[in-house]
Number of protein chains: 2
Amino acid sequence: MLIEGRAHRSIEEGADGRSARIIDQRRLPFELAFEDLRDHRQAVAAIRDMHLRGAPLIGAAAAYGAWLACLEYEALPPEPFAAAVEAALASLEAARPTAVNLRWAVRRQRAAIAKAGSPREKAEAALLEARAIASEDLAICAEIGRHGAGIIEALHRKKGRAINVLTHCNAGWLATVDRGTATACLYEANDRGIPLHVWVDETRPRNQGALTAWELSQNGVPNTVICDNSGGLLMRRGMVDAVIVGADRVARNGDVANKIGTYLKALAAHDNGVPFYVALPSPSFDPELADGDSIPIEERPQDEVLRVTGLAPSHGHGGGASRVEAELFAPGTRAANPGFDVTPARLVSGYITERGVLRAEALASALA
Amino acid sequence: MLIEGRAHRSIEEGADGRSARIIDQRRLPFELAFEDLRDHRQAVAAIRDMHLRGAPLIGAAAAYGAWLACLEYEALPPEPFAAAVEAALASLEAARPTAVNLRWAVRRQRAAIAKAGSPREKAEAALLEARAIASEDLAICAEIGRHGAGIIEALHRKKGRAINVLTHCNAGWLATVDRGTATACLYEANDRGIPLHVWVDETRPRNQGALTAWELSQNGVPNTVICDNSGGLLMRRGMVDAVIVGADRVARNGDVANKIGTYLKALAAHDNGVPFYVALPSPSFDPELADGDSIPIEERPQDEVLRVTGLAPSHGHGGGASRVEAELFAPGTRAANPGFDVTPARLVSGYITERGVLRAEALASALA
């Protein structure tokens with residue numbers, strides 16, 4: 001998608017053929033900074049410390065991380081190579097617990113690497129598999145966009161006015177290789193000329209709504225930021241026609257683990273008869289888990305709650321120099337910071353997948 | 001309540017007999033700064049610009065503001081005095097739209113002033129009425145605390161362990177003259193030795209949770225701050241035994257206008273069988289409004305969403321010098337900022353009033 005009018009992807013192979021280039025999302029939307037991942041440890045750190053985030057992008061980054069591990073150990077004899085790569089795969093898989101894409105991508109790489117011959121051939125196979133995962137993600141997002149735009153188009157036909165969509169967190173192109181999951185629906189609807197306005201939840205902590213508002217604005221989609229507290233009132237007032245969110249992991253029964261706060265929006269949508277959709281690429285579906293309560297929920301550092309980063313208003317805009325940190329609470333305040341919550345399937349109107357808009361009961365047969 | 005071990009009230013008469021002293025809450029919890037309101041315009045500004053907030057305290061401040069207006073115009077002949085004071089009362093009443101306490105306090109002052117004779121006697125009557133409103137608030141909060149502590153005590157007896165209460169915004173002593181409404185229940189339970197832990201919603205925008213966490217800590221009540229997004233997950237996990245919030249205005253049918261986001265917590269409580277209580281002093285009950293959808297909801301400036309104030313971590317703690325502002329979104333981002341939402345009565349388990357814990361049906365006969 002576009003940044004300042006120029007097309008970007010959130011992860012790309014480095015020009016040197018031995019690295020992967022990502023956008024350091026911790027510095028967005030204030031600064032566009034790239035980071036070159038040169039070994040698997042850098043990939044683990046980028047995932048764990050959230051230089052990048054979003055379940056599909058985490059999967060792609062882990063896939064490229066597996067390739068980097070193969071390159072690092074290429075000179076080793078087969079057995080030590082296998083052991084070193086397996087350790088790297090395990091550390092990639094453990095970088096974050098909630099998104100199932102991480103496990104999925106690592107499993108694919110493990111299988112692809114196993115099938116190839118020499119360490120050099122294994123590295124080549126891992127690169128091809130990482131490329132496959134990235135291009136499949138592009139194709140999946142395009143299909144999700146097509147199906148989701150259909151929903152927005154139908155709402156527009158029915159209501160004869162601009163459609164207001166509320167979204168939480170960033171299920172945007174920055175959370176995937178390109179286009180996004182929830183945002184793919186918005187971009188596609190916008191491309192089709194459907195009048196559209198997006199309510200963007202701020203999404204505390206870490207404020208990924210700042211990313212969503214920024215990427216929507218960069219790509220011409222009208223949007224307004226609201227605090228996470230506001231969606232309920234807007235729905236009561238008829239100011240939200242649909243909610244579309246992403247997913248970090250969906251269990252077999254359709255329960256959805258997604259950024260903390262998603263469940264509250266689903267409850268409000270249900271209470272007000274607003275349709276609530278989950279944009280779900282098949283790699284985020286986990287048929288191995290019976291329901292959402294078995295999904296591991298990451299507890300993240302309390303500093304993400306207690307402290308924010310922004311721009312110093314007095315120092316003008318843009319550039320890294322004017323970024324400031326602010327502590328929001330009195331010294332000594334204690335905070336808890338669960339990263340995700342679980343939205344029960346009964347609150348989900350439909351799952352926008354690459355295979356169409358599905359109901360919970362249809363997920364296992366369509367996606368597993 | 002205590003600040004650094006010393007007892008304070010949130011509004012007191014100035015030592016000069018011609019002013020009211022408040023705590024400038026915009027600077028809390030980072031700095032304890034007092035402000036002397038010397039005329040009614042300063043009282044209007046303090047209410048409108050949220051130097052102080054909380055429905056009961058707004059009522060008390062408006063009452064003292066009416067007294068200040070009488071003092072300002074005392075030298076005028078009766079007719080111009082009456083006109084000037086009435087204009088002042090109108091501007092106090094219009095300072096903020098949602099809390100009904102403002103209208104209630106101004107009406108009481110209008111009646112008290114009307115009954116007295118000369119401008120000097122009217123000023124004296126207004127002072128007595130302001131004192132009455134403040135001391136009634138104290139008595140109301142004490143009774144609310146007694147009834148609410150009974151609820152917490154019963155939960156503790158039933159569960160045989162520390163009770164986890166979630167609260168939203170600051171229905172604390174800082175929102176009243178002393179003790180608070182929701183927090184009065186917590187302080188009283190704590191005083192009775194009931195083991196207790198409070199989940200404090202951050203409460204974006206304006207982050208009044210920082211006030212709540214600070215005042216609870218200053219008064220020895222264990223607490224943990226969470227983002228507004230987190231309460232749903234905690235309830236699903238059985239980590240919340242009760243929700244207790246305040247109210248800016250409650251309509252005749254029991255619908256509750258309170259700080260934005262309250263409705264979402266009520267939905268989550270309902271979905272998880274967690275009792276949801278509204279601490280309701282009778283002056284916040286508005287029998288003139290049939291239901292919550294008629295309550296005017298204040299739309300506040302977008303800068304409250306886009307920008308936060310905190311402490312610069314590198315400059316150490318405390319003192320005004322190290323406060324920083326941070327813009328959280330890309331330049332040009334647009335935000336909406338409704339200040340309150342409406343929680344329908346069907347989601348409220350009980351209203352903790354000075355006359356006991358009531359159900360919605362009983363409010364009109366008990367409080368009106």
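The structure is a predicted model, in which local features need pLDDT of at least 70 and side-chain atom pairs count only at pLDDT 80 or more, while totals for chains, interfaces and linings use all residues. Residues are numbered from 1 along each chain as its sequence is written, chains are lettered from A and ligands numbered from 1 in the order in which they are written, and side-chain values use heavy atoms, without hydrogens and water.

**Thr262(B) and its surroundings**

Thr262(B) belongs to helix H9 (residues 262–271) of chain B; helices (H or I, at least four residues) and strands (E, at least two) are DSSP runs, numbered from the N terminus. Which residues does Thr262(B) contact beyond its neighbours within four places in sequence? They are His168(B), Val245(B), Phe276(B), Asp341(B) and Thr343(B), where contact means heavy atoms within 4.5 Å. The side chain of Thr262(B) also makes a polar contact of 2.9 Å with the side chain of Asn258(B). A polar contact is a pair of N or O atoms within 3.5 Å; within protein, one must be able to donate a hydrogen and the other to accept it, and residues adjacent in sequence count only if both atoms are side-chain atoms. Between Thr262(B) and Cys169(B) there are 8.5 Å from C-alpha to C-alpha, although 93 residues separate them in sequence.

**Two buried strand residues**

Asp286(B) is part of strand E13 (residues 285–286) of chain B. Its relative accessibility is 0%, so Asp286(B) is buried. The side chain of Asp286(B) is joined to that of Arg249(B) by a polar contact of 2.8 Å. With residues up to four places away in sequence set aside, the residues touching Asp286(B) are Val100(B), Arg103(B), Arg249(B), Val250(B), Ala251(B) and Arg252(B).

In chain A, strand E16 (residues 340–343) contains Thr343(A). Thr343(A) is buried because its relative accessibility is 0%. A polar atom of the Thr343(A) side chain lies 3.3 Å from the backbone nitrogen of Tyr263(A). Beyond four places in sequence, the contacts of Thr343(A) include Gly254(A), Asp255(A), Val256(A), Thr262(A), Ala266(A), Phe276(A) and Val348(A), as well as Tyr263(A).

**Helices**

Helix H6 (residues 182–191) of chain A is largely enclosed by the rest of the structure, because 7 of its 10 residues are buried. Those buried residues are Ala182(A), Thr183(A), Ala184(A), Cys185(A), Leu186(A), Tyr187(A) and Ala189(A). After H6(A) comes Gly193(A), with a positive phi near 85°.

In chain B, helix H2 (residues 55–73) packs against helix H4 (residues 101–115) at an angle of about 30°, and their axes are 8 Å apart. H2(B) is therefore roughly parallel to H4(B). Axes are lines fitted to C-alpha atoms, for helices over the stretch in contact, and angles run from 0 to 180 degrees between N-to-C directions; under 35 degrees counts as roughly parallel, over 145 as roughly antiparallel, 65 to 115 as roughly perpendicular and the rest as oblique. The residues where H2(B) and H4(B) meet include Ala62(B), Ala66(B) and Trp67(B) from H2(B), and Leu102(B), Ala105(B) and Ile113(B) from H4(B). This contact of H2(B) with H4(B) comprises 12 nonpolar, 3 polar and no charged residues, with Ala, Val, Leu, Ile, Met, Phe, Trp, Tyr, Cys and Pro counted as nonpolar, Asp, Glu, Lys and Arg as charged, and the others, Gly among them, as polar.

Helices H4 (residues 101–115) and H5 (residues 119–159) of chain A pack at about 145°, with their axes 8 Å apart. Their contact divides into 10 nonpolar, 1 polar and 4 charged residues. Among the residues that meet are Trp104(A) and Arg108(A) of H4(A), and Lys122(A) and Glu129(A) of H5(A).

**Backbone features**

Most residues other than glycine have a negative phi, and most peptide bonds are trans.

| Site | Feature | Angle |
|---|---|---|
| Leu28(B) to Pro29(B) | cis peptide bond | omega about 0° |
| Arg204(B) to Pro205(B) | cis peptide bond | omega near -10° |
| Met50(A) | positive phi | phi near 60° |
| Asn207(A) | positive phi | phi about 50° |

Pro29(B) sits in the loop between strands E4 (20–23) and E5 (34–37) of chain B. Pro205(B) occupies the loop between strand E7 (196–201) and helix H7 (209–218) of chain B. In chain A, Asn207(A) lies in the loop between strand E7 (196–201) and helix H7 (209–218), and Asn207(A) is buried at 9% relative accessibility. Met50(A) is in the loop between helices H1 (40–48) and H2 (55–73) of chain A, and a relative accessible area of 4% makes Met50(A) buried.

Terms used
Buried < 20%, exposed > 50% of the residue type's maximum accessible area, 1.4 Å probe, protein only.
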